[in-house]
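Here are some notes to read beside the model. Please keep the sequence open while going through the points.

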Amino acid sequence: MENEELSLPPQLLSWDEFPESLKLFMQQNEIPPDAYDIKSLSRFIRVNPFNSVTLEVLTEQLRKESPEVEVQEVGWLPGFYKVDAGVKIASVDAYKNGQIYGIDASSGAVVRALDPQPGDNILDLCCAPGAKLCMISDEMGRTGTITGVDVSLKRLGSCRTLCAKYGISNSRLFLEDACIFGFLAPTENFEDTEDVVPPLKKRKLENQSEASEDTTEGKENSEETKTPENEETDGQTEVSHTQEDGQTESMTAFFDQEDTTPEKKEAEVPRQVKKGTRKRKRKSKKGDLTNLFYSANWKYRSSSKKMYDKILLDAQCTLDASVRHILQFSKLGWKNFDEETEKRTVSLQKDMIYNAFRLLKPGGTLVYSTCSFSHNQNEGVIQWLLDTEPKSQVVPIDGLVGTPAVIGKIDHTLRFYPKSTGTSGMFIAKILKNV
């Protein structure tokens with residue numbers, strides 16, 4: 001027994017390594033010190049149901065790169081498998097052929113909480129880089145529609161690439177602010193009137209600007225280091241990189257604000273190409289909606305008067321529940337978990353969830369998730385919505401019965417703690433909009 005104990009790998013993080021600001025943040029949010037006391041991390045893989053690969057074939061392919069790899073099913077999340085964190089998937093044929101995705105199980109749990117059904121019109125706010133959006137489409141059987149919204153041009157480009165790679169034929173993407181996005185579900189033809197819910201007050205944009213000015217530091221570096229095999233990098237990027245699933249930004253980098261103005265304009269300018277070749281420019285079609293970035297079907301280039309059946313808001317947050325981000329900070333330098341940063345974060349989250357709820361049809365459901373352990377960013381935001389919107393109600397997440405998650409401070413909410421779940425940290429709440 002003594003030899004077995006001595007052979008155990010050391011924990012990845014030590015309480016002594018944490019800066020005082022993070023220790024105080026954890027204490028204020030009643031986060032136990034051993035929440036990060038884990039000895040290993042797993043990489044998760046989801047099989048594409050429309051271009052599947054058997055477990056035997058997948059294992060054989062992975063063993064060409066990692067001879068000792070063991071591929072294990074995730075019992076509480078059908079269609080998901082896990083391998084050691086060091087296993088590479090980008091070079092295997094199943095990945096190149098679009099048969100598997102790289103996505104953390106906690107992110108998969110968020111989609112299962114949403115419970116997409118065939119024919120649904122679904123809105124995915126903060127959608128990039130897109131692994132959850134692809135899973136939503138798969139769960140709907142590629143029927144219905146999925147509208148993705150993100151404020152980052154680079155990340156939205158990654159999302160468009162995934163949609164093309166995996167054949168997501170019922171999608172459209174908008175380069176837009178989740179706090180003010182207002183277009184309703186796609187129309188079936190151009191004769192329908194383009195419709196949008198009443199615009200929000202200018203205050204919403206101002207709040208976002210204030211938050212993003214102080215919190216975009218480190219964004220460029222995290223984008224440059226993202227590996228191609230990680231469509232959804234929450235829990236998928238190596239320790240030496242930063243991640244997404246939420247999000248590829250560093251701790252409080254909410255937006256790639258530079259993408260929303262000058263780079264967007266630059267993208268609309270015809271590219272300079274070699275002599276004798278055609279110049280390529282973004283096409284604009286009759287009926288196109290403002291800031292429409294990509295549409296898989298011409299029918300989705302305009303909007304109807306239908307509100308969304310279901311909405312996913314995987315909100316920007318301080319990323320303190322993401323073990324891989326915490327590991328990254330421990331190597332490259334800690335970020336401040338200060339009170340002002342969290343106040344700006346919570347203000348942003350309230351703006352986003354308020355807008356999401358108004359776009360939801362009566363009887364529809366909204367799933368709110370973050371990669372944070374903060375009560376202010378999680379239960380606090382949910383309680384604010386319950387107090388603000390009388391028709392909102394937190395409901396049980398039937399699709400996640402039997403998961404290793406624990407109940408949050410509001411009934412029916414779930415928390416994924418890395419030590420007990422083996423996944424990236426996640427908070428999930430499901431809200432019904434009563435008729």
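**Notes on the model**

1. Arg 142 is buried, with a relative accessible area of 15%; buried means under 20% relative accessible area and exposed over 50%, with partly exposed in between (1.4 Å probe, protein chains only). Arg 142 is not a glycine, yet has a positive phi of about 60°. Its place is the loop between α6 and β6 (145-150); helices (H or I, at least four residues) and strands (E, at least two) are DSSP runs, numbered from the N terminus.

2. This is a predicted model, in which local features need pLDDT of at least 70 and side-chain atom pairs count only at pLDDT 80 or more, while totals for chains, interfaces and linings use all residues. Residues are numbered from 1 along each chain as its sequence is written, and side-chain values use heavy atoms, with hydrogens and water left out.

3. Glu 30 also has a positive phi, of about 55°, although it is not a glycine. Glu 30 sits in the loop between α2 (20-28) and β1 (42-47) and is exposed, with a relative accessible area of 53%. Most residues other than glycine have a negative phi, and most peptide bonds are trans.

4. The peptide bond from Ala 128 to Pro 129 is cis, with omega near 5°. Pro 129 belongs to the loop between β5 (121-125) and α6.

5. Helix α6 (residues 131-139) is mostly covered, with eight of its nine residues buried. Among them are Lys 132 and Asp 138. After α6 comes Gly 141, with a positive phi near 70°.

6. Helix α12 (residues 339-359) has 21 residues and should span 30 Å at 1.5 Å a residue; its end C-alpha atoms are 31 Å apart, which agrees. The expected span is 1.5 Å times one less than the number of residues.
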